[in-house]
Amino acid sequence: QLQLVESGGGTVQPGGSLRLSCAASGRTLSSYAIGWFRQAPGKEREGVSYISSAGTTTYTNSVKGRFTISRDSAKNTVYLQMIRLNTEDTAVYYCAAAYTGYGSSYTPSRDSGYEHWGQGTQVTVAS
């Protein structure tokens with residue numbers, strides 16, 4: 001059974017940076033697409049960034065140029081590097097995994113396409 005654990009959240013000032021980690025256990029992530037999602041208070045959960053098992057990356061418009069998703073196969077971990085954070089980035093961030101097979105460029109764009117979820121990590125951007 002694949003388990004995901006997020007870490008790296010915290011409180012930063014506007015303009016600051018954080019790197020979120022999504023560490024997997026139980027299965028290798030090499031056959032999974034990974035998505036980072038976030039949910040702010042009173043808002044619906046939204047997809048932020050995705051990486052396919054082949055390494056193809058996708059970003060929602062509001063984070064393009066500021067967030068970078070990446071994989072470390074040796075550590076079975078996916079990262080979300082976030083720079084130039086602003087108050088609108090405040091949310092609980094979740095990583096999720098969808099089985100797609102190895103070497104696939106496909107990433108589900110909706111959260112219903114992901115079978116495995118972490119518990120979330122809080123990111124707060126405030127002065």
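Asp 111 is partly exposed, with a relative accessible area of 27% (between the 20% below which a residue is buried and the 50% above which it is exposed; 1.4 Å probe, protein chains only). Its side chain meets that of Arg 45 in a salt bridge of 3.2 Å, N to O (a side-chain nitrogen of Lys or Arg within 4 Å of a carboxyl oxygen of Asp or Glu). This pair links distant parts of the chain, 66 residues apart, with Arg 45 in the loop between S4 and S5 and Asp 111 in the loop between S9 and strand S10 (116-117); strands are DSSP runs of E, at least two residues long, numbered from the N terminus.

A word on the model: it is predicted, with local features needing pLDDT of at least 70 and side-chain atom pairs counting only at pLDDT 80 or more, while totals for chains, interfaces and linings use all residues. Residues are numbered from 1 along each chain as its sequence is written, and side-chain values use heavy atoms, leaving out hydrogens and water.

The count comes to 4 salt bridges. Asp 89 forms one with Arg 66, the closest N and O atoms being 2.8 Å apart. Asp 89 lies in the loop between S8 and S9 and Arg 66 in the loop between strand S6 (57-59) and S7, so the pair ties together parts 23 residues apart in sequence. Asp 89 counts as buried at 1% relative accessibility, and Arg 66 is buried at 10%. Salt bridges that share partners join Arg 38, Glu 46, Arg 66 and Asp 89 into one network. Within it, the side chains of Arg 38 and Glu 46 meet at 2.6 Å, N to O.

Definitions and conventions: Helix = DSSP H or I, 4+ residues; strand = E, 2+ residues; numbered from the N terminus.
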